[in-house]
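Have a look at the model first.

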Number of protein chains: 4
Amino acid sequence: MAIRINLNADMAEGFGAYDIGNDDAMLKVVASANIACGFHAGDPTIMHRVVKLAAEEGVSIGAHPGFNDLWGFGRRRIDMRPDDVEYMTAYQIGALQAMTAYAGVKVTHVKAHGALNNMAAENADYAMAIGRAIRTVDRDLIYVALAGSEMERAGRELGLRVAREGFCDRQYDEDGNLVSRKLPGAVLHDPKAVVDQVVRMVLEGEIVTRNGRRIKRQVDTLCVHGDEPSAVAVARAAREGLEAAGVHVVPLPDLPLS
Amino acid sequence: MAIRINLNADMAEGFGAYDIGNDDAMLKVVASANIACGFHAGDPTIMHRVVKLAAEEGVSIGAHPGFNDLWGFGRRRIDMRPDDVEYMTAYQIGALQAMTAYAGVKVTHVKAHGALNNMAAENADYAMAIGRAIRTVDRDLIYVALAGSEMERAGRELGLRVAREGFCDRQYDEDGNLVSRKLPGAVLHDPKAVVDQVVRMVLEGEIVTRNGRRIKRQVDTLCVHGDEPSAVAVARAAREGLEAAGVHVVPLPDLPLS
Amino acid sequence: MAIRINLNADMAEGFGAYDIGNDDAMLKVVASANIACGFHAGDPTIMHRVVKLAAEEGVSIGAHPGFNDLWGFGRRRIDMRPDDVEYMTAYQIGALQAMTAYAGVKVTHVKAHGALNNMAAENADYAMAIGRAIRTVDRDLIYVALAGSEMERAGRELGLRVAREGFCDRQYDEDGNLVSRKLPGAVLHDPKAVVDQVVRMVLEGEIVTRNGRRIKRQVDTLCVHGDEPSAVAVARAAREGLEAAGVHVVPLPDLPLS
Amino acid sequence: MAIRINLNADMAEGFGAYDIGNDDAMLKVVASANIACGFHAGDPTIMHRVVKLAAEEGVSIGAHPGFNDLWGFGRRRIDMRPDDVEYMTAYQIGALQAMTAYAGVKVTHVKAHGALNNMAAENADYAMAIGRAIRTVDRDLIYVALAGSEMERAGRELGLRVAREGFCDRQYDEDGNLVSRKLPGAVLHDPKAVVDQVVRMVLEGEIVTRNGRRIKRQVDTLCVHGDEPSAVAVARAAREGLEAAGVHVVPLPDLPLS
């Protein structure tokens with residue numbers, strides 16, 4: 001039976017007169033969309049538009065909750081109480097569920113955005129807060145979690161379905177963490193390097209780190225970034241490379257998640 | 001069989017460190033709560049808290065969507081496109097639905113807030129926009145509409161259940177509109193005057209206007225305001241006056257709405 | 001002595017991760033910049049950056065206050081009390097003054113944005129509110145006012161310096177109002193048509209309306225829009241056309257305003 | 001010559017329909033007001049009102065800049081770039097300067113709010129960012145800095161006038177830091193304990209810590225909190241206790257600051 005993997009990207013990250021990313025093109029490449037929910041980006045009208053497009057393309061839809069910080073685009077850490085994080089996450093999931101009603105589809109996953117995702121990867125209180133929001137609003141929602149992070153642990157502890165995430169276009173260090181974007185080479189722009197990394201991750205469960213070591217890393221879904229100029233080209237290369245290697249790229253609900 | 005009527009009040013209208021109204025006391029008087037949804041007031045944590053309290057009191061829960069204008073508390077008219085109004089309304093309903101999941105209850109009605117309510121009462125495009133949001137997100141939601149307004153018409157046209165709303169503590173003019181708050185006497189503060197008005201409206205389907213005329217007005221639900229200092233006393237007087245007249249005060253879903 | 005005219009454009013209208021317009025190119029064409037002040041667009045960091053660039057280019061700096069409505073980009077009418085409009089305007093002017101301190105220059109004009117500008121053009125209360133804010137914060141600030149509008153009248157009544165504004169790239173009707181953007185041809189994209197219009201306005205004090213009539217219209221400053229794709233080309237054409245006709249394009253403070 | 005000290009309190013921390021604190025009463029007790037500037041709290045209309053009242057009472061006016069986080073009331077740490085902190089601070093100072101123009105007075109000090117104040121006390125980059133904003137906008141502004149903090153150091157390094165701040169109603173630990181509000185007894189509610197602490201601080205330059213030790217602490221200004229129910233009573237007790245001990249309570253500009 002063919003190996004299956006998911007490709008996901010962040011979307012609907014404009015706001016009012018502002019546009020960002022290239023959602024129309026990206027929806028033709030990825031299999032799952034993380035839809036901004038109005039806090040770090042995204043307004044109801046943009047959410048509605050991108051949800052409809054995604055549904056038409058057969059792309060599965062997830063909530064992409066973030067901090068309530070439009071100025072910082074959700075990339076600044078905010079020291080919130082875990083309860084506030086939980087209810088803020090539930091609120092954003094619910095808001096997106098209303099939008100998917102327009103398209104006759106369901107929200108099927110949750111992936112935290114930016115600083116919220118980074119904090120929850122390290123901080124068990126935040127990871128559990130997001131997990132409890134998922135469990136309360138719809139316990140069938142898939143919790144997309146950085147592989148090996150507190151989020152993965154929280155999802156398992158709460159009995160949720162977890163999709164372990166890896167990155168197509170980011171270097172890793174020996175600990176399995178992403179190399180800081182501030183360091184040269186941390187973001188891969190060369191399609192060939194991207195294809196090497198994703199095929200190795202999917203077929204061999206391995207990553208070659210920044211320093212050339214091989215480490216183990218099992219993933220269910222691969223993130224492509226939408227806001228780099230090269231985003232669509234990188235995403236296409238990843239998809240074509242995976243398909244050339246015999247891997248099926250499928251929406252998150254079609255994965256055999258435990 | 002006893003006559004039934006609903007009493008509703010706006011709630012959860014604080015934000016962060018800010019508090020307003022007296023939700024705990026009001027939840028012991030009314031039968032339905034209109035929960036602010038984060039746009040004109042209300043944050044996820046406050047929504048969560050008040051939803052739980054309401055569920056414990058057996059008070060039915062409605063969304064209270066408003067303009068995205070915290071500074072103006074949703075009381076300033078904003079000239080939005082009807083589509084934006086529709087998706088903004090759907091968004092807020094969905095956000096509240098996630099919060100009711102914590103209490104194991106459902107959102108059962110929608111009542112627009114402040115300037116959005118006033119505009120939709122007069123403007124068919126806005127009234128229909130709110131109605132379409134309701135129909136899309138959950139067509140069983142009751143559309144609370146100023147009796148005789150464009151909202152009532154829109155709700156009927158869309159095949160929704162409509163609850164016609166009257167006001168306990170506001171004077172009416174001959175056209176059945178509320179007298180502007182800017183005029184003296186427009187808000188009733190005397191519990192006896194409130195009781196007279198609500199009992200007459202419920203038992204006789206009549207209002208005595210500012211100028212002493214009687215006009216017809218059928219209502220299903222009566223609004224009490226939460227943000228006046230006298231709010232709780234006025235609400236209690238209304239409830240006790242109705243019960244003394246043999247009227248049953250029930251949650252919105254228990255009304256025989258057409 | 002040569003005829004002098006001003007060219008102005010709106011700038012700094014990004015926010016956080018969002019960018020809009022082409023400020024760097026436009027600063028090489030216009031003589032005055034209207035800087036968004038954080039309400040409808042613009043954050044402190046963007047304001048700081050564009051103010052420094054403008055100062056380096058010798059472009060004079062004005063406040064571009066708008067409604068507190070990032071979602072609507074300040075283009076939606078909000079029914080505010082005139083006092084709130086006044087203090088909101090003063091607030092935004094002051095905020096920009098702090099930013100110009102970084103560049104060692106001064107704010108020298110005020111031009112309202114979008115719906116606030118449109119409302120103040122028609123509504124004397126709003127026009128006076130903006131004028132009083134100017135008079136209080138710095139009575140030497142030039143009030144940029146649609147020629148013939150309530151703003152022009154308010155500025156004169158308050159004893160302020162007024163710059164009467166015309167539009168490079170918009171059709172006019174017989175009453176001297178702008179033709180609605182919703183009508184075909186309302187926005188001029190052909191550089192030749194733009195040059196004809198601006199040269200005629202400056203040299204002859206006349207406009208040819210949508211229907212081919214000539215009406216009188218004296219202007220001191222001409223607005224070019226920054227957010228159309230053709231904005232920079234249109235602005236350059238206007239400037240070059242004016243200079244070819246012997247007109248000097250100068251910053252607002254260099255105009256002989258009454 | 002009599003010993004002089006300043007008493008300051010945070011004010012204008014409402015927003016739109018929301019009110020908080022008791023500004024009218026507090027303005028009769030303190031000598032300096034820290035005015036919220038619209039980011040963590042405060043809208044232009046509230047700022048205008050409180051500035052006028054303060055000027056009428058002879059209370060000196062300072063900017064109270066905070067994080068752009070109304071939901072968190074500026075009490076949540078946000079991980080901002082120091083440049084963004086600097087421009088955000090300058091923006092807020094400028095906005096308040098426009099408001100003081102209405103009262104014919106000047107902004108004479110800057111005191112950061114909540115989490116921004118706490119972060120700048122520990123973090124030299126933030127402390128310098130606030131200091132540079134002060135130096136650029138008006139180098140005569142007094143930098144109110146927790147005594148012994150990075151803010152005090154930054155102010156001195158930048159050649160600014162610094163007012164070292166102590167707290168009337170908070171316990172200190174041996175390091176001179178405030179005891180966390182989460183610990184019992186951390187906030188002093190007993191007027192007598194408050195008087196003891198402030199008189200000792202002013203006359204002897206000493207604090208008795210939570211554990212009964214005496215430590216040295218020179219202060220120029222004492223903060224009273226405005227949002228506790230006991231705030232006005234505590235502030236009055238502090239003022240009367242100081243005056244009974246022969247200390248003059250004066251506005252910040254009347255202090256002999258170095």
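## Helices from two chains

Start where helix α2 of chain A meets helix α3 (residues 82-103) of chain B: their axes come within 8 Å and cross at roughly 90°. That makes the pair roughly perpendicular, the label for angles of 65 to 115 degrees. On the α2(A) side, the contact (heavy atoms within 4.5 Å) uses A:P44, A:T45, A:M47 and A:H48, and on the α3(B) side B:D84, B:Y87, B:M88 and B:Y91.

This is a predicted model, so local features need pLDDT of at least 70 and side-chain atom pairs 80 or more, while totals for chains, interfaces and linings use all residues. Residues are numbered from 1 along each chain, chains are lettered from A, and side-chain values use heavy atoms, without hydrogens and water.

## Helices within chain A

α2(A), residues 44-57, also packs on α3(A), residues 82-103, at about 50° with the axes 9 Å apart. These two are therefore oblique, and their crossing is right-handed. Among the residues in contact are A:V51 and A:A55 of α2(A), plus A:L96 and A:M99 of α3(A).

## The cavity

Searching the whole structure turns up 1 cavity of 30 Å³ or more (a set of points on a 1 Å grid over the protein atoms alone where a 1.4 Å probe fits but cannot get out). The largest cavity holds about 1,200 Å³ of space, a volume filled by probe spheres set on the points. It is lined by 44 residues, and those closest to its centre are A:N68, B:N68, C:N68, C:L70 and D:N68.

Terms used:
1 Å grid on protein atoms, 1.4 Å probe; cavity = no way out; pocket = protein on both sides within 12 Å on 5 of 7 lines; lining within 4 Å. Axes fitted to C-alpha atoms, helices over the stretch in contact; angles between N-to-C directions. Helix = DSSP H or I, 4+ residues; strand = E, 2+ residues; numbered from the N terminus. Parallel < 35°, antiparallel > 145°, perpendicular 65-115°, else oblique. Left-handed = near helix turned anticlockwise from the far one by under 90°.
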